[in-house]
There are 2 protein chains.
Amino acid sequence: MTKTESTKSRILDAAEQLFAERGFAETSLRTITTRARVNLASVNYHFCSKKSLIQAVFDRFLQDFTKELSLELMTLEQLSADQLEAEKLLNALIRPLLSLNGRRNNAISIFMRLLGRAYAETQGHLRRYVTDKYGHVLVRFTHLFQKGYPNLTIDQIFWRLHYMLGSMIFTLGGSDALRQISQADFNRDLGVEDVIKEMLPFLAAGMKA
Amino acid sequence: MTKTESTKSRILDAAEQLFAERGFAETSLRTITTRARVNLASVNYHFCSKKSLIQAVFDRFLQDFTKELSLELMTLEQLSADQLEAEKLLNALIRPLLSLNGRRNNAISIFMRLLGRAYAETQGHLRRYVTDKYGHVLVRFTHLFQKGYPNLTIDQIFWRLHYMLGSMIFTLGGSDALRQISQADFNRDLGVEDVIKEMLPFLAAGMKA
DNA sequence: GTATGTTTCAAACAGTTGTTTGGAATTGAT
DNA sequence: ATCAATTCCAAACAACTGTTTGAAACATAC
């Protein structure tokens, strides 16, 4: 039991890191099992298939994230409309994100990269899995924005939330590379947390525009 | 000569579409050559390797795009600082983008998708190729923003441009899927041009924040 | 200690990948 | 029409992919 769990989570740890780095198709099971120091066949034994392993990687992240986000939303849902400023709503999204970094190293960056790859799939198998299983939390978030900004139409909110999602996925997912460029060019080293803080006024202004 | 050119461009046409749809690793040369109705070996004959084919796909897009963008920038570079509003700068970026759609069907979406995939590569081979060869145009764009908004620090501008880039790549690249969701949910069908128009105030407000 | 169920492991499986090869077909110039 | 160069093409190459297999190792209960 304990040995098993260690094998399973060692596979998940190696897989989520490699998937984020290289992508799903570019990462072979042999690369994963070598890094995790487990036998090749143990992936199929514990996760049936590679596709299921990918879903398991997402599940572990999204369960942590949506649980915390759901708590944030519950307190917001008891506020009146004029108390729902964009900055407050964005913070409800960002706090659960920041707490991910407490669990594993570089977790925010990895998580955002994985989300980006999930959305990049055109046949949308993975994107649909994610939205079907965890989309209801985002719907609650949309409703809150609608309540706070009733002058915006519902599809304006829909699109602006996706502009925001794009900014976050792109800059936080690629933050390692971008921070290297930033440091080389202006010699200022930002942590992921600093990048998020820098991003907040940009996003808030856009949402309210 | 004319037969050759037709083979080369047929390969490029099929490749750019498939790369955008599925990704580089997920697209085999056999899939490309089948759709292009050419022989498998002709890819290696005309483009040496798959990696070079990928670069050729980017080159064809970026040459068109940077040529038009460079013209836009030249006129902007003759304006005074107080004439450089964010909306005007963004339009200089968007006009060359829109004109891509004149050349090939759905070109904007394909181009954005390809850019997204290029940035997703962590080892950064492709991203470096793109920035080395076409980065100087973006540097000129950054300088213009600096001139128009001198109260922003240079790394604030750097990061905000990347927030913007993220929004554009994410929503325009995934616009097919997102527009489907949008239509299903609120029965409003937007073209890519409409999505860009919707995005402009969001981005402008963020840049000025 | 024996029996039962779970987990690991080396080896092999069939299928796909990018690339190479040598000869056939086509092209353009004299 | 002849020659040379270019382009095409069917076939094969070695390398790698995800998955399966059957036996070994292990743990747990009686």
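Trainee: How many residues of H6(B) are buried?

Mentor: In this predicted model, H6(B) is a helix of 14 residues that reaches 20 Å from its first C-alpha to its last, close to the 20 Å expected at 1.5 Å a residue. A residue counts as buried if 20 or more other C-beta atoms lie within 10 Å of its own. The helix is largely enclosed by the rest of the structure, because the number of its residues that are buried is 14 of the 14.

Trainee: Which helix gives the most to the side of chain B that touches chain A?

Mentor: Between the two chains, 39 residues of chain B are in contact with 39 residues of chain A. Helices H1 (2-22), H6 (107-120), H8 (154-173), H9 (175-186) and H10 (192-208) of chain B each supply at least two residues of that side. By class, this side of chain B has 20 nonpolar, 11 polar and eight charged residues. With 13 residues, the helix that gives the most is H8(B).

Trainee: What kind of axis relates the two copies?

Mentor: Chain B can be laid on chain A with an RMSD of 0.1 Å by a turn of 180° and a shift of 0.0 Å along the axis. The two copies are thus related as by a two-fold rotation axis.

Trainee: Which elements give two or more residues to the surface near DNA strand D?

Mentor: Of the 18 residues around DNA strand D, those that come nearest are A:Ser28, A:Ser49, A:Lys50, B:Thr7 and B:Ala41. The elements that give two or more residues to it are, from chain A, H2 and helix H3 (41-47), and, from chain B, H1 and helix H3 (41-47).

Trainee: Which element of chain A has the lowest mean pLDDT?

Mentor: The mean pLDDT of chain A is 92, and 98% of its residues reach 70 or more. Among the elements of this chain, helix H2 (residues 29-36) has the highest mean, 98, while the lowest, 78, belongs to helix H9 (residues 175-186) of chain A.

Conventions:
Residues numbered from 1 in each chain as written. Chains lettered and ligands numbered in written order. Predicted model: local features only at pLDDT ≥ 70, side-chain atom pairs only at ≥ 80, totals over all residues. Contact = placed C-beta atoms within 7 Å. Helix = DSSP H or I, 4+ residues; strand = E, 2+ residues; numbered from the N terminus. Nonpolar A, V, L, I, M, F, W, Y, C, P; charged D, E, K, R; others polar. pLDDT = per-residue confidence, 0-100. Least-squares fit on C-alpha atoms with pLDDT ≥ 70 in both. Expected span 1.5 Å × (residues − 1). Buried ≥ 20, exposed ≤ 12 C-beta atoms within 10 Å, placed from the backbone. Near = placed C-beta within 6 Å.
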